[in-house]
Amino acid sequence: MSTDADVNASAPAGTDGLVMGKDGMAALVDVLIGRGFTVIGPTVRDGAIVLAELGSADELPYGWGVELEAGRYRLRERSDGAAFANAAGPQSWKSFLHPSRVREWSADRVEGQLVFEADQAPPPRYAFLGVRPCDLRAIAVQDRVLTGGAHRDPGYDGRRSGALLIAVECTEPGATCFCVSMNTGPAAGPGYDLVMTEVADDDGHRFWIRGGSQEGAEILAELPGRPADPQTQEAARAGVTAAADRMGRTMPEADLRELMAGTLDAPRWDDVAGRCLTCGNCTMVCPTCFCTTTEDVTDLTGDHAERWRLWDSCFDLDFSHLHGGPVRASSRSRYRQWMTHKLGTWYDQFGSSGCVGCGRCIVWCPVGIDITEEAAALHDWAASTGSPEPDPAGGDGTP
Ligand code: SF4
Ligand code: SF4
């Protein structure tokens with residue numbers, strides 16, 4: 001895998017990669033499977049483009065695009081046969097690196113004694129095919145959260161350290177995308193093992209693929225294709241540049257960390273609380289949200305018990321439950337906590353934004369709450385009341 005530390009530094013010097021057709025994509029999946037990888041990539045299922053294990057490149061969503069809006073997701077057919085001209089679907093790679101349900105241990109009563117067994121099955125070696133630039137950054141964010149401190153998550157570490165990342169640059173942003181505002185796309189940043197840009201024009205449907213790590217370069221050497229020609233490179237770069245100009249959403253041009261800290265008392269929090277169902281969908285689909293809870297279960301005899309780790313959400317009342325009740329009892333406080341953490345206090349904790357601009361929380365919010373619209377409203381309120389200064393008391397005191 002590539003990490004921030006070896007940021008594509010091992011890409012072979014002087015190579016512009018290959019241009020390959022659909023046969024090259026088929027070969028790529030075959031080579032990955034032949035090398036022992038479990039290949040995960042986009043495929044059409046249940047009316048959406050989901051991430052799932054691929055047995056062959058035929059399962060990629062060739063000829064499918066998506067229409068995205070706040071609270072709305074629809075598939076649509078494309079005439080150009082492109083496989084990756086579709087923006088983020090409902091899942092992100094955290095579903096595999098940081099799964100929603102993990103059994104941590106089980107225990108059995110054997111002759112009056114409790115015998116514990118840790119779940120230590122070795123993780124599969126994943127190859128993630130089609131990692132968007134925003135999601136590449138989201139993986140780096142989760143790396144920092146889950147393995148970057150004193151208390152590494154060994155399960156995440158095991159799954160992540162073996163993972164091969166094959167990025168695909170974006171040429172078709174969705175109406176809810178704002179990676180440009182968050183400086184995470186549509187060109188791929190560091191961290192990939194291979195990167196592709198898809199081109200479908202009068203010269204045909206093809207993929208420009210380059211290596212980003214030693215392992216990526218070795219895989220590249222096994223693929224059929226021709227040396228990258230200047231026309232394809234130019235068309236690919238133009239496609240990515242055009243995508244940057246077609247972002248569906250933008251964040252206000254402001255220091256978002258300061259904006260969050262200076263607007264804790266804004267009336268907009270009451271407004272959004274009146275619409276938010278506190279369902280937690282936004283946290284489930286967000287590629288950087290990482291919170292978990294623990295659940296212990298037993299069978300009816302009481303002779304077998306298991307401990308599970310499950311995704312949790314700061315929108316859940318129990319999430320902030322201390323003795324005496326939840327600290328954040330109101331919808332207002334829970335939405336404010338989520339958004340100010342994403343865009344503000346994440347910097348204090350982890351040194352970056354917690355939002356990569358993928359737009360999933362906008363699409364999958366059942367009532368269409370839009371984080372960019374909320375940020376813009378806070379920005380307008382701050383402008384109307386004078387420049388925001390971070391409130392040292394942490395707002396109006398309402399949790
Ligand atoms: S913002 Fe939308 S998705 Fe998030 S908790 Fe509220 S209603 Fe659910
Ligand atoms: S907060 Fe929303 S737009 Fe930002 S990374 Fe999470 S899901 Fe994507």
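## Basis and confidence

Residues are numbered from 1 along each chain as its sequence is written, and chains are lettered from A and ligands numbered from 1 in the order in which they are written. Because the model is predicted, local features need pLDDT of at least 70 and side-chain atom pairs count only at pLDDT 80 or more, while totals for chains, interfaces and linings use all residues; side-chain values use heavy atoms, with hydrogens and water left out.

The average pLDDT of the chain (the predictor's confidence in each residue, from 0 to 100) is 93, and 93% of the residues score at least 70. Residues 1-14 have a pLDDT below 50; beyond near neighbours in sequence, this stretch has 30 contacts (heavy atoms within 4.5 Å) in the model.

## Hairpin and backbone features

Strands β4 (residues 64-69) and β5 (residues 72-77) run antiparallel and are joined by 6 bridges; strands pair if DSSP finds at least two bridges between them. Glu-67 has Arg-74 in β5 as its bridge partner. The two strands form a hairpin with 2 residues between them, and Gly-71 in the turn has a positive phi of about 70°.

A cis peptide bond, with omega near 5°, leads from Gly-185 to Pro-186. Pro-186 lies in the loop between α5 (179-182) and β10 (194-201). Glu-111, a residue other than glycine, has a positive phi near 50° and is found in the loop between β6 and β7 (113-118).

## Cavities

On a 1 Å grid over the protein atoms alone, a cavity is a set of points where a 1.4 Å probe fits but cannot get out, and a pocket is an open set with protein on both sides within 12 Å along at least five of seven lines; lining residues have an atom within 4 Å of a point. Grid points are joined across faces, edges and corners, and a volume is the space filled by probe spheres set on the points.

The whole structure contains 6 cavities of 30 Å³ or more. The largest has a volume of about 150 Å³; of its 14 lining residues, Pro-42, Leu-51, Ala-88, Gly-89 and Arg-132 are the closest to its centre. Strand β3 (residues 48-53) provides the largest share of this lining, 3 residues.

## Largest pocket

The largest pocket holds about 470 Å³ of space. Of its 18 lining residues, Val-102, Asp-119, Ala-121, Gly-155 and Arg-159 lie nearest its centre. β6 (101-110) and α4 (154-161) each supply at least two lining residues, and the largest share, 5 residues, comes from α4. By class, the lining divides into 8 nonpolar, 3 polar and 7 charged residues.

Notes:
Helix = DSSP H or I, 4+ residues; strand = E, 2+ residues; numbered from the N terminus. Nonpolar A, V, L, I, M, F, W, Y, C, P; charged D, E, K, R; others polar.
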